[in-house]
Amino acid sequence: MNPGTDCERVRPQLMAALDGESVPDVADARQHLSSCSSCERWLKNLESMNGRFHAVSYPRSQVDLWAGVEDRIRLPDASLTRVHRLWLIGALVIAWRALQLMFDLPLPMLHPLVPLAAAVAALWQISGDPLAIETAAPELQKRGV
Amino acid sequence: MDDAAARRACLAGNVDAFRHFVERYQGRALAHARLLTRHEADAADATQDAFVDAFRNLRTFNPDRHFYAWFYVLLRNRCFKQRSRRGTRSESGIVPARGVDPGVSEEQLDLWRAIDRLSPDDGELVVLKHIEGWTYEELSKALGVPRGTVMSRLYMARQRLMTLLSGERS
């Protein structure tokens, strides 16, 4: 038998309560549970499934990553940070403009955005998206994980 | 050595101290990476990359918190990168091999087989909740979604797992 709308609404709350989480409408959900045999059966099945996990451990792995990790962390970090990449792009653009002024190159000869695009494309190839938002460390700090 | 002492030693320039983190967490990290990438070689690459990221960002790890919860975000990023590079191709499951894991019971195998049939996202939630024992708050931080989303996604994942397990019984 398919659960009704009420059942679908209260089951996530019953599940969260079973997980020991705080649930705002738990009294409501428990009241529904006391009069719904379908949800009662569902909750028992969930408890039984949860119980099956008690003896579960991760599959053993014969892979040892230390040698590979050690080789890499002993090398100096060659990857450019986002700030470094932006500095590099800026420096290339300034250098291009300086060359134009020094040698009096006519601007229409090459659109000024072309070297910028070329610098971005080159950096993209070398070290990934230079304008990408780094989600790793700053994100972690922000979230306080 | 505990995590805080290993962190201090690493930050003081002792690279060997990082071995503590690799040896302590590589088993579960590889299992999680296999779950997310469904590819043995990609999982090993992503896990290795994540450990290198962790070493380079160790200064940002707050030793008052659990190392693995912090590391998991790095691992997850690496797995997603690996997955997008590889496309949707999946080559290997996460079910323990009999030869590698002789002690694994038939009931455990059934459970791993059912988790293997879930989508990587559902499998991730189920494993982090049931085996790691993370709270909804911890899941919300690691997965970058609100607590309410964790609850509804976990509910759907468990529903699917219950269906798979009941199908396996009948």
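Helix α4 of chain A, residues 66-74, packs against helix α3 of chain B, residues 40-56, at an angle of about 40°. α4(A) and α3(B) are therefore oblique to each other. Their axes sit 9 Å apart, and α4(A) passes α3(B) in a right-handed crossing.

Who touches whom here? On the α4(A) side you'll find Gly68(A), Val69(A), Arg72(A) and Ile73(A), and they meet Gln48(B), Phe51(B), Val52(B) and Phe55(B) of α3(B). Sorted by class, that contact of α4(A) with α3(B) comes to 5 nonpolar, 2 polar and 1 charged residues.

Now step back to the whole contact between the chains. Chain A puts in 34 residues and chain B 46. On the chain A side, the elements giving two or more residues are α1 (5-18), α3 (37-52), α4 and α7 (137-143). Which of these gives the most? That's α4(A), with 6 residues, the helix we started from.

From α1(A), the residues involved are Cys7(A), Val10(A), Arg11(A), Leu14(A), Met15(A) and Leu18(A). Facing them in α3(A) are Ser38(A), Cys39(A), Trp42(A), Leu43(A), Leu46(A) and Glu47(A). By class, the contact of α1(A) with α3(A) splits into 9 nonpolar, 1 polar and 2 charged residues.

Over in chain B, follow α3(B) from the chain contact to a partner within its own chain. α2(B) and α3(B) pack at about 135°, with their axes 8 Å apart. These two are therefore oblique to each other as well, and α2(B) passes α3(B) in a right-handed crossing. α2(B) brings Phe21(B), Val22(B), Gln26(B), Ala29(B), Leu30(B), Ala33(B), Arg34(B) and Thr37(B) to this contact. α3(B) answers with a list that includes Ala43(B), Ala46(B), Ala50(B), Phe51(B) and Ala54(B). By class, the contact of α2(B) with α3(B) has 11 nonpolar, 3 polar and 3 charged residues.

How is chain B divided as a whole? It has domain 1 (1-91) and domain 2 (104-170), and their centres are 21 Å apart, taken over C-alpha atoms. Where the two domains of chain B touch, domain 1 supplies 7 residues and domain 2 supplies 6. On the domain 1 side, α2 (19-37) and α4 (67-86) of chain B each give at least two residues. By class, that side has 5 nonpolar, 1 polar and 1 charged residues.

So much for the packing; what about confidence? For the complex, the predictor gives an ipTM of 0.79 and a pTM of 0.71. Chain B has a mean pLDDT of 87, with 88% of its residues at 70 or more. For chain A the mean is 76, and 71% of its residues reach 70 or more. Within chain A, α3(A) has the highest confidence, at 92, while α7(A) has the lowest, at a mean of 39. Residues 133-145 of chain A have pLDDT below 50, although this stretch has 20 contacts in the model beyond near neighbours in sequence. Where pLDDT is low, the predicted coordinates should not be read in detail. Remember that α7(A) is one of the elements counted on the side of chain A that touches chain B.

Technical notes. Residues numbered from 1 in each chain as written. Chains lettered and ligands numbered in written order. Predicted model: local features only at pLDDT ≥ 70, side-chain atom pairs only at ≥ 80, totals over all residues. Axes fitted to C-alpha atoms, helices over the stretch in contact; angles between N-to-C directions. Helix = DSSP H or I, 4+ residues; strand = E, 2+ residues; numbered from the N terminus. Parallel < 35°, antiparallel > 145°, perpendicular 65-115°, else oblique. Left-handed = near helix turned anticlockwise from the far one by under 90°. Nonpolar A, V, L, I, M, F, W, Y, C, P; charged D, E, K, R; others polar. pLDDT = per-residue confidence, 0-100. Domains from an automatic or database assignment.
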